[in-house]
Amino acid sequence: MGARRTGRERALQALYQLEMAPGTSVYEALESAWTASAEAEEQKRDPDAVKFARELVDGVQGHRAEIDRLIESHSHNWRLDRMSRIDRNVLRVGIFELKYRPDIPRKVTINEAVELGKNFGTEESSAFVNGLLDRVAVALKKD
């Protein structure tokens, strides 16, 4: 698995934990995501993956209000608090990448978010994530 995919997975896990356990620090949430992974026992941490995960978590946390407004304005008949925590955090990571990471192509961001939805969410997660991120990307004029 590539460093960025691993970083996205750990960032998602950390963001989930930050929602579940208010008061947890970003450092604690990321550390927990790394140590809880089955692969952590088998692999040494890739410094690029660690750095990317931290950038994603810090970026989502730093722009969360704006990201959440984008989610709510582009979701049809879904309030943010009614979405599953996984879907909500996959969307946050995806929107952060779309808006603040011009080095990552739109297609890559959306494909990676869909994969996160498939791997961590429900059967409906991938389609929901795909549709909403596509609408946000169009609104942001992200090619």
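## Helix α8

Just after α8, Lys141 takes a positive phi of about 60°. Helices here are DSSP runs of H or I with at least four residues, numbered from the N terminus. The model is predicted, so local features need pLDDT of at least 70 and side-chain atom pairs count only at pLDDT 80 or more, while totals for chains, interfaces and linings use all residues. Residues are numbered from 1 along each chain as its sequence is written, and side-chain values use heavy atoms, with hydrogens and water left out.

Helix α8 covers residues 125-139, which is 15 residues. From its first C-alpha to its last it reaches 21 Å, close to the 21 Å expected at 1.5 Å a residue; the expected span is 1.5 Å times one less than the number of residues. Buried residues in α8 are Ser125, Ser126, Phe128, Val129, Leu132, Leu133, Val136 and Ala137. They cover an arc of only 155° around the axis, which puts them on the same side of α8; the arc is that of the directions from the helix axis to the C-beta atoms. Ala127 and Val138, on the other side of α8, are exposed. Buried means under 20% relative accessible area, exposed over 50%, and partly exposed in between, with a 1.4 Å probe and protein chains only. The cover over the buried residues of α8 includes α5 (64-74), α6 (85-100) and α7 (106-120).

Helix α4 (residues 47-62) packs against α6 at an angle of about 95°, with the axes 9 Å apart. That makes α4 roughly perpendicular to α6. Angles of 65 to 115 degrees count as roughly perpendicular, under 35 as roughly parallel, over 145 as roughly antiparallel and the rest as oblique. Axes are lines fitted to C-alpha atoms, for helices over the stretch in contact, and angles run from 0 to 180 degrees between N-to-C directions. From α4, Phe52, Glu55, Leu56, Gly59 and Val60 meet Arg92, Val93, Phe96 and Glu97 of α6. The residues of this contact of α4 with α6 divide into five nonpolar, one polar and three charged. Ala, Val, Leu, Ile, Met, Phe, Trp, Tyr, Cys and Pro count as nonpolar, Asp, Glu, Lys and Arg as charged, and the others, Gly among them, as polar.

Ile67 lies in helix α5 and is buried, at 0% relative accessibility. Beyond its neighbours within four places in sequence, Ile67 is in contact (heavy atoms within 4.5 Å) with Gly59, Val60, Arg92, Ile95 and Phe96. Ile67 and Leu132 are 65 residues apart along the chain, and their C-alpha atoms are separated by 12 Å.

Asp68 is also in helix α5. With a relative accessible area of 13%, Asp68 is buried. Its contacts, neighbours within four places in sequence aside, are Leu80 and Arg92.

## The loop between α5 and α6

Leu80 is found in the loop between α5 and α6, where it is buried at a relative accessible area of 11%. Leaving aside neighbours within four places in sequence, Leu80 is in contact with Asp68, Ile71, Glu72, Arg88 and Arg92. The C-alpha atoms of Leu80 and Arg69 are separated by 9.0 Å, at eleven residues apart along the chain.

Asn77 belongs to the loop between α5 and α6 and counts as exposed, at 81% relative accessibility. Its phi is near 65°, a positive value in a residue other than glycine.

Technical notes. Helix = DSSP H or I, 4+ residues; strand = E, 2+ residues; numbered from the N terminus.
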